[in-house]
Amino acid sequence: MKQEYADDAVVPSHAPRKTTNALKGFIANPFVFATALFASVGGITFGYDQGVISGVQEMETFVARFPMNETERGFIVAILELGAWVGAWLSAYPADRFSRKYTIVIACVIFLIGSSFQGGAQNVDYLMAGRFICGMSVGSLSMVVPMYQSEIAPPEVRGSLVSLQQLAITFGILASFWINFGCQYISSEAQWRVPLCLQIILGVFLGVGILFFPFSPRWLMSQGREEEALKVLSKLRRKPIDHPELQEEWREIKISVEFDNELERHQYPQYVDQGTKGRFMIGLLGYRDLFRPGMFRRVAIGSVLMFFQQFCGTNSLIYYAPKIFQSLGLSGQTISLLATGVVGIINFVATFPTVMFLDVMGRKVTLMIASVFMTLCMIIIAVISALYQDNWVGNEAKGWGCVAMTYVFIANFAYAWGPIGWVIPAEIFPLRARAKAMSITTSSNWMNNFIIAQITPIMLEQIGFGTYVFFACFCFLSFFFVWFFVPETKGRSLEEMDEIFGGGTAQKDNEILRRVEQQYSGTYVPTGTKTEA
């Protein structure tokens with residue numbers, strides 16, 4: 001029997017929703033949590049493939065098989081980022097055309113091919129090819145997974161759910177460090193082939209498992225599958241399809257999609273109803289729309305956040321941790337690998353507060369606090385390194401002091417710039433532009449990542465402590481960028497971001513939006529659900 005609700009049970013509000021800590025949110029939304037958690041396995045593949053190479057490159061049998069100079073060693077690391085840059089760019093079309101879910105499956109197939117090339121490599125060319133192919137998959141997953149997570153999440157815990165991606169990345173890095181540490185005692189080439197082949201398991205697990213989880217309700221709506229979108233939303237929110245709050249959320253999504261469709265008909269009338277060619281041209285011209293007022297600001301914020309996420313120096317510590325710790329006076333392969341493993345533990349553990357409390361703390365203040373501490377840590381490391389880099393013998397305590405500051409730095413990155421760098425770009429774009437815009441912001445991450453991977457070994461060799469001064473400058477600048485340019489988005493639905501960023505500022509856009517709201521607000525629901533028991 002159909003459940004009845006008061007007519008005034010739904011009061012549309014554009015004020016930020018009351019946020020909650022993740023534990024309460026996860027208990028209230030267990031299916032959403034399970035779905036987002038499983039999708040974040042894509043982050044484990046990302047973190048593992050990033051972290052594993054730092055230890056593998058130091059293994060005796062790897063060096064014997066692939067003798068390389070410093071430039072080549074840097075490129076072995078960086079080519080993953082180059083592939084990821086390509087993968088991020090190429091993922092926008094399939095994410096819109098075939099769904100977020102099936103794009104994850106495609107990325108997993110590519111990941112399996114690349115992992116096989118890496119694990120079975122007989123020469124540097126095979127290794128390079130495997131790293132690049134894996135990178136394409138990692139770049140795609142790093143864009144699509146946060147998008148999928150943000151689109152299934154309720155506003156009050158969206159930040160926490162998307163932060164699971166960063167938690168998964170840190171877990172992948174942590175696992176790779178300790179697997180490398182255990183495998184270093186193997187005397188054969190299995191020493192490095194085993195760590196590189198183990199990631200195949202992750203690709204199979206995610207690619208098969210994601211098929212059992214739902215499509216994004218927002219993507220379903222964009223494809224005209226309204227009733228299915230409502231049913232998926234009902235399952236995600238654990239509310240019956242006739243519940244007023246559920247139907248109100250469904251109408252918000254419907255209005256957003258219809259507004260996007262009306263804009264397309266208004267802006268590109270010559271391509272509407274022109275079949276595949278018309279859809280392709282509208283999609284292509286959609287990139288031009290990212291430079292419209294209200295939209296370009298979002299693209300700039302997302303891209304610059306990704307820039308600072310890389311140029312603060314964290315991934316340099318991850319990629320070249322053994323080498324960096326050796327430069328800080330730690331001697332012996334085992335000691336440097338152990339110190340590297342602790343980096344992984346801290347990176348993983350310090351991400352938990354963000355997963356639990358980001359939607360309570362907020363994005364902006366968390367980023368600013370972390371920027372202050374990261375700057376101080378880099379300055380301290382730079383000063384100690386400048387004083388003792390040529391005389392670590394007898395000053396080992398100073399070296400361990402630098403290591404301690406590295407740990408503090410990693411902890412501050414892990415609760416702020418690591419996860420929030422992915423959260424904000426995943427939540428600030430309207431549905432019509434989300435895939436395209438996130439392909440740009442994510443590609444910014446990977447291109448900057450590529451640059452950092454290339455220049456770090458050169459900087460360590462040629463300017464020594466100046467490397468830490470370089471990163472300290474960008475940590476310092478990141479504080480002021482967030483202060484002046486990044487708005488707070490906690491508690492806002494994805495459909496409310498235009499109120500923050502000024503989307504649809506043109507008079508014609510506002511007229512279209514008002515017309516759509518009048519048509520679909522109130523009691524509008526899909527035809528097939530009106531009489532459903």
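The lining of the largest cavity holds 6 nonpolar residues, 10 polar residues and no charged ones. Keep in mind throughout that this model is predicted.

**Stop 1: the largest cavity**

Select Q50, Q166, I169, N315 and F413. Of the 16 lining residues, these lie nearest the centre of the largest cavity. The volume here is about 110 Å³. Now colour the elements around it. Two or more lining residues come from each of α3 (41-56), α9 (158-183), α15 (296-311), α16 (314-319) and α22 (417-427). Which of them gives the largest share of the lining? Show α9, which supplies 4 residues. Across the whole structure, a search finds 3 cavities of 30 Å³ or more.

**Stop 2: the largest pocket**

Next, select D96, E264, R279, G283 and K436. They lie nearest the centre of the largest pocket, which has 40 lining residues. The space in this pocket is about 1,200 Å³.

Bring up the helices one by one: α5 (70-90), α6 (92-97), α11 (217-222), α13 (244-267), α14 (275-289) and α23 (431-462). Each supplies at least two residues of the pocket lining. Then colour the lining by class. Expect 18 nonpolar, 10 polar and 12 charged residues.

**Stop 3: α5 against α23**

Stay with two of the pocket helices. Both α5 and α23 contribute to the lining of the largest pocket, and they also pack on each other, with axes 7 Å apart. At what angle do they pack? The angle is about 175°. The two helices are therefore roughly antiparallel.

To see the contact, select the α5 side: E70, T71, G74, F75, V77, A78, E81, L82, A84, W85, A88 and W89.

**Stop 4: α20 against α24**

Move on to helix α20 (residues 363-388) and helix α24 (residues 466-485). Their axes are 8 Å apart, at an angle of about 160°. This pair is therefore roughly antiparallel too. Is the crossing left-handed or right-handed? The crossing of α20 and α24 is left-handed.

Select the α20 residues in the contact: K364, L367, M368, S371, V372, M374, T375, M378, I379, I381, A382 and S385. They meet Y468, V469, F471, A472, C475, F476, S478, F479, V482 and W483 in α24. Colour by class once more. The contact of α20 with α24 divides into 17 nonpolar, 4 polar and 1 charged.

How values were computed: Residues are numbered from 1 along each chain as its sequence is written. This is a predicted model: local features need pLDDT of at least 70, side-chain atom pairs count only at pLDDT 80 or more; totals for chains, interfaces and linings use all residues. Side-chain values use heavy atoms; hydrogens and water are left out. Axes are lines fitted to C-alpha atoms, for helices over the stretch in contact, and angles run from 0 to 180 degrees between N-to-C directions. Angles under 35 degrees count as roughly parallel, over 145 as roughly antiparallel, 65 to 115 as roughly perpendicular and the rest as oblique. A crossing is left-handed if the near helix is turned anticlockwise from the far one by less than a right angle, and right-handed if clockwise. Contact means heavy atoms within 4.5 Å. Ala, Val, Leu, Ile, Met, Phe, Trp, Tyr, Cys and Pro count as nonpolar, Asp, Glu, Lys and Arg as charged, and the others, Gly among them, as polar. On a 1 Å grid over the protein atoms alone, a cavity is a set of points where a 1.4 Å probe fits but cannot get out, and a pocket is an open set with protein on both sides within 12 Å along at least five of seven lines; lining residues have an atom within 4 Å of a point. Grid points are joined across faces, edges and corners, and a volume is the space filled by probe spheres set on the points.
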